[in-house]
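User: I would like to work through the following model by question and answer, moving from the whole chain to its local features.

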Amino acid sequence: MKKLYLYLLTSALVSIVVLGWLIDTLNQQTAPTEDSFGWQSTLTGGFALQIARQPEHQRASFAKRLSADFDVTLTYKQGDTLALPHELKQQMALKKELVLEDELGFYLLKTHDNLLPDYLELRLQKPELEQSNDVLLTLLFYAGVCGFMWFILSPLAKRLSVLTEAAKQFASGDLSARIKVNHFTYIKDVELTFNRMANQIDKLLAENKLMASSLSHDIRTPVACLRFGLDAAIEEPDLNQVRSILVRMENDLDQMEDMLASYLSFATLEQKAHLLTFESTQAQTYIAALIDQIQPKLTKADLIGSYDVDPQVYLYADLHWLARAITNLLSNACEFASRNILVRVQQHEQLILIDVEDDGPGIAPNNWHKVFSPFFQEQNHRNRDEKGYGLGLAIVAKVVDWHHGKASVSQSETLGGAKFTLSINCKPNKAV
């Protein structure tokens, strides 16, 4: 929008200055003031010649008589009463006349060689033709300003029409409607914002549809188990068997509660995107604390967690949500690693790269582009607990997206298993 404001301000100033200068130049060339009062100048010249022939003490009265006889406003004035700059006085002495303007209108100053330094003053009336020219020039000025502004604003009107049409298409259900951004548009920021908004809405709707279909599919199994268990408990006469069936039903209910909690947690993530609080911290201390946090899980699975972090690297992020993403990767590694898990943090130009590697079976390359999609789970191997709903890595991808970064997966060159990489922007920070 700054570009738009700049164009509007510049166009207004340029149009006013340029058109004003052109019209003023045209007015001066086509209607010189001196040419408009030619006969009055000739008449006053004759008056000056006649008055110059009179004795000095009779000149003022003779001028009054001429003024009355010819019905003009003529005044004889002495030279020492002429309050003009020296340059104008010289001009009048050389040309013998001078046309000036004051609050009452135009007046003509006329003298003669034999009359100097005294002079005659004749009041003039502005010609009607010049007045009409002023009106015409004023109209031309405003018409020129309007034309110039239309020339500047017409591209804006076209781009607003494109934006309106895209919004109507999107509102009617065409979620693929986007604006093809033009480099010469004044509202590029608005168009890019619309496209980002449309992409975000499209993404949220797709996730909601996927979550609804996945939930309806995944919840069928525990519901069916509950139905079968309830029927069996009703028909079972042995109380011990009924108690055993109820225990299995309780496990099914726990599974349903865990499933619903996971789904609801993922569904409400977008509501927390605007609550991020960015802070700076030393990467080595931060990673060491996260590994220490999941140490009980590492010990239970008989795994070794290590890290390789440059002490000079600092992270600038929402430390709570970044910890959530890295912890999800560590927990995922705990489920599939055979013995070792490694966390490596390094700075590459303007990016901080956080790698979480393990020595497990890894992920098939044809599934690398799918692992961060909600509810995706590889079928060729299971985790240790055979739990999970495919949301952990989706949460990782969403948190990294909040930080305007990227999450990717590959094969670890060091351990041979999966290697998850989080790329986030770095910011020069001092030690805290």
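User: What percentage of the residues of the protein count as buried?

Analyst: This is a predicted model, in which local features need pLDDT of at least 70, side-chain atom pairs count only at pLDDT 80 or more, and totals for chains, interfaces and linings use all residues. Residues are numbered from 1 along each chain as its sequence is written, and side-chain values use heavy atoms, with hydrogens and water left out. A residue is buried under 20% relative accessible area, exposed over 50% and partly exposed in between, with a 1.4 Å probe and protein chains only. Of the 432 residues, the buried share is 37%.

User: How many helices and strands are there in the protein?

Analyst: Both kinds of element are DSSP runs, numbered from the N terminus: helices are H or I over at least four residues, and strands are E over at least two. Counted in this way, the protein has 13 helices and 11 strands.

User: Of the contacts between residues at least 6 apart in sequence, what percentage join residues at least 24 apart?

Analyst: A contact means heavy atoms within 4.5 Å. Among contacts in the protein between residues at least 6 apart in sequence, the share joining residues at least 24 apart is 65%.

User: Which elements do the buried residues of α4 pack against?

Analyst: In helix α4 (residues 59-69), the buried residues are R59, F62, A63, L66 and S67. Seen down the axis of α4, they fall within an arc of 145°, so they line one face of the helix; the arc is that of the directions from the helix axis to the C-beta atoms. On the other side of α4, K64, A68 and D69 are exposed. The buried residues pack against α3 (38-52) and β1 (74-77).

User: Which residue is the bridge partner of D308 in β8?

Analyst: β6 and β8 are joined by 6 bridges and pair in the parallel sense. Within β8, the bridge partner of D308 is R344.

User: Which residue in the turn of the hairpin formed by β8 and β9 has a positive phi?

Analyst: β8 and β9 run antiparallel and are joined by 8 bridges, with V343 standing opposite V356 in β9. The hairpin has 2 residues between its strands. The residue with a positive phi of about 55° in the turn is exposed, at 63% relative accessibility; it is E349.

User: Is T327 buried or exposed?

Analyst: T327 is found in helix α12 (residues 319-336). Not counting residues up to four places away in sequence, T327 touches L290 and I294. Because its relative accessibility is 16%, T327 counts as buried.

User: What is the centre to centre distance in the aromatic pair of W321 and W402?

Analyst: Rings of Phe, Tyr and Trp (its six-membered ring) pair if their centres lie within 6.5 Å; planes under 30 degrees apart count as stacked, over 60 as edge-to-face and the rest as tilted. By this rule there are 5 aromatic pairs. W321 and W402 form one that is edge-to-face, with 85° between the planes and a centre to centre distance of 5.2 Å.

Conventions. Pairing = 2+ DSSP bridges.
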